Amino acid sequence: MYTIAALYHFTRFDNPEALQAPLLELAQREHVTGSLLLAREGINGTIAGPRKGIDAVIAHIRALPGCHDLSWKEATAKDQPFGKMKVRLKKEIVTMGVPDVDPRARVGHYVLPEDWNDLISQDDVVVIDTRNDYEVSIGTFEGAIDPETKTFRDFPAWWEDNKDRFHNKRVAMFCTGGIRCEKSTNFLLGQGIEDVFHLKGGILQYLEDIPAEDSLWNGACFVFDGRVSVEHGLAEGPHELCHACRRPILPQDKTRPEYEDGVSCHQCIEEFDDARRTRFRERQKQIALSRARGERHLGRQPG
C-alpha cells in the first residue's frame, strides 16, 4: 500500500527557489511521487509513496521556515497514484489572482466537521462551494451554491456579481482540503463580510469524520491523484479520468458514443478541433506501445 499525503501551509518563504532542488532530490531518493508547489506564500501539494518516504519528506517540510506546525491529510492506495515527482515554483500556491489576499493575516471562523451540519442547516446561512465546476458536478453539500467557476481566479468576479444575493446572511464556504477557503474567507473579510465560516480540513476531513447516515454530503469528492474521487470514509470512488480534458467520468460514460480513450468524452467532445484530437490519438498510440514494450520486458503478453 502507498501512503498519500495532501498538505498545504501558508508561511513566508523569502527564497522559495532555494528550497526546490533539495525537496525534489529527497522525494526522488525516497521513491515519493506527486506534485508540490512552492511560492513566497507557502507550500501546497499531494505526494504518495512508501511510509518511510512520506515520513522523510514531511519531516523535511516541517523543518522549513514557519512550517513546524504543518498539518496534512493522509490516505492509502494500492497503486502508486502519480507517475513522477514535481516541485514547481509559482506566484501563488493556490491561484486567486488578488494580490492583497493574505490568509496569514486573518481568515474566517473554522468550523469542525461535527459542527458543520448544524451551521449549514440554519436559515440565515448561505453555503458556497469554492471549487471548480467539474469538481462540483460529481458531489457537493445539500443546498450549496455552485458559482460555476472554471478556475479559482473567477471567484472574486463571481462574488462581485452576486454579493447582493447574500445581504444579511452569514457565509459558510468549503473546498476539498481547506486551502481555497483560507484565501476566499480572507477575501470576503476584506470585502466587509464579517460572519464568514469555513469547514476545517475541508470535504476530506468531513468524509473521514462524519458517518454516511449523518451526512449532508451528496455524491463523491474529486481528488487530484490516481483515485480520482473518494466517498465517505475516504473509500475510493467510482470515477475515472478523461485523459483529454482531465474531468471525472463514470465507467458507464465510456460506453457513450462521444467517448474515445484519451481523445474525448461527452464533456469535451466539442472543445477540441480535429488537429488536437489527431495529436491525442497519436499520444494514445505511443502510450499503448510503451505499455506493450514494458509488458514484454516483464515476460507478459499485452492485453
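A residue counts as buried when its relative accessible area is under 20%, as exposed when it is over 50%, and as partly exposed in between. Keep that in mind for these exercises on a predicted model.

**Exercise 1.** Work out how far helix α6 is enclosed by the rest of the structure.

Step 1: Find the helix. α6 covers residues 179-190, twelve residues in total, and reaches 17 Å from its first C-alpha to its last, close to the 16 Å expected at 1.5 Å a residue.
Step 2: List the buried residues. They are I179, R180, C181, E182, K183, S184, T185, N186, F187, L188 and L189.
Step 3: Conclude. Eleven of the twelve residues are buried, so α6 is largely enclosed by the rest of the structure.

**Exercise 2.** Find where the buried residues of helix α2 sit around its axis.

Step 1: Pick them out. In α2, the residues G53, I54, V57, I58 and I61 are buried.
Step 2: Look at their directions. They cover an arc of only 130° around the axis, which puts them on the same side of α2.
Step 3: Recall the geometry. An α-helix has 3.6 residues a turn, so residues three or four places apart point the same way.
Step 4: See what covers them. The cover includes α1 (16-29) and the strands β1 (2-10), β2 (33-39), β3 (42-49) and β4 (72-77).

**Exercise 3.** Decide whether L234 is buried or exposed.

Step 1: Locate L234 in the loop between β13 (229-230) and β14 (240-241).
Step 2: Note its backbone. L234 has a positive phi, near 60°, and is a residue other than glycine.
Step 3: Apply the cut-off. L234 has 14% relative accessibility, so it counts as buried.

Notes
Residues are numbered from 1 along each chain as its sequence is written. This is a predicted model: local features need pLDDT of at least 70, side-chain atom pairs count only at pLDDT 80 or more; totals for chains, interfaces and linings use all residues. Side-chain values use heavy atoms; hydrogens and water are left out. Buried means under 20% relative accessible area, exposed over 50%, partly exposed in between (1.4 Å probe, protein chains only). Helices (H or I, at least four residues) and strands (E, at least two) are DSSP runs, numbered from the N terminus. The arc is that of the directions from the helix axis to the C-beta atoms. Contact means heavy atoms within 4.5 Å. The expected span of a helix is 1.5 Å times one less than its number of residues.
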